Amino acid sequence: MMVRAGFGYDSHRLVEGRPLMLGGIHVPHHLGSLGHSDADVVLHALCDALLGALALGDIGAHFPDTDPAYKDADSRKLMAAVVQLVHARGWKVANVDCTVVLERPKLRPHIDAMRGTIAGLLQVDADAVSVKASTNERMGFTGREEGVCAYTVALLERA
Ligand code: MG
């Protein structure tokens, strides 16, 4: 088999007094995501998509949230470690697609910076990285601004 696909999902609660990190970018907002690490749902969902493509378990198994080493961890570092794992197994990233669900703020001004950061981590061109934003039309936990979530797919090809 020359290609493998993986899917990832993550969500975090939104609270005051925390930075809102999305796709490795700090997005200015009065609420931020709560978690053991920096709680970046985009990078976490992407890690799970990459691990999922190779059936290597999930991000929680590789970076336990009970481990003090990952307290406030920069998710870019977790992501770099997952990419290393993918490369070590003889695979490379073909493309990824991400959808962030967040009621506010508007993410459009930050999308290209996220794509650039993610592309750098994945070691691919920015045109292999899609980041899309959606609100949830005020429905559910994202609609009530209780949290933020992200869905991603990743396609790997033989290096
Ligand atoms: Mg997470």
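**Close-up legends**

View A. The structure is a predicted model, in which local features need pLDDT of at least 70 and side-chain atom pairs count only at pLDDT 80 or more, while totals for chains, interfaces and linings use all residues. Numbering starts from 1 along each chain as its sequence is written, and side-chain values rest on heavy atoms, with hydrogens and water left out. Leu122 belongs to helix α4 (residues 108-122); helices (H or I, at least four residues) and strands (E, at least two) are DSSP runs numbered from the N terminus. Leaving aside residues up to four places away in sequence, Leu122 touches Leu50, Met79, Val83, His87, Val93, Val96 and Val129, where a contact means heavy atoms within 4.5 Å. Between the C-alpha atoms of Leu122 and Val82 there are 9.3 Å, although the two residues are 40 apart along the chain.

View B. Asp10 (OD), His12 (NE2) and His44 (ND1) are the protein donors, and they lie 2.2 Å from the magnesium ion. Asp10 sits in strand β1 (residues 3-15) and His44 in helix α1 (residues 41-53), so this pair ties together parts 34 residues apart in sequence. Along the sequence, the spacing of the donor residues is D-x1-H-x31-H. Donors are taken as N, O and S atoms within 2.8 Å of the metal (3.2 Å for Na, K and Ca); water is not among the atoms, so sites may look incomplete. Asp10 counts as buried, at 15% relative accessibility, and His44 is also buried, with a relative accessible area of 7%.

View C. The peptide bond that runs from Arg104 to Pro105 is cis, with omega near -5 degrees. Pro105 is placed in the loop between β5 (91-101) and α4. Asp72 is not a glycine, yet has a positive phi of about 55 degrees. This residue is found in the loop between α2 (59-62) and α3 (75-88), and Asp72 counts as partly exposed at 45% relative accessibility. Glu145, another residue other than glycine, has a positive phi near 65 degrees. The loop that holds Glu145 lies between α5 (140-143) and β7 (147-158). At 14% relative accessibility, Glu145 counts as buried.

**View D. The whole chain, as context for the close-ups.** The protein chain has five helices and seven strands, in the order β-β-β-β-α-α-α-β-α-β-α-β along the sequence. Its radius of gyration is 15 Å, close to the 15 Å that the globule rule gives for 159 residues, so the chain is as compact as a globular protein of that length. The radius is taken over C-alpha atoms, and the rule is 2.2 Å times the number of residues to the power 0.38. Along the principal axes, the C-alpha atoms fill a box of roughly 45 × 35 × 25 Å. Of the 159 residues, 47% count as buried. Among contacts with a separation of 6 or more, 72% join residues 24 or more positions apart.

Notes: Buried < 20%, exposed > 50% of the residue type's maximum accessible area, 1.4 Å probe, protein only.
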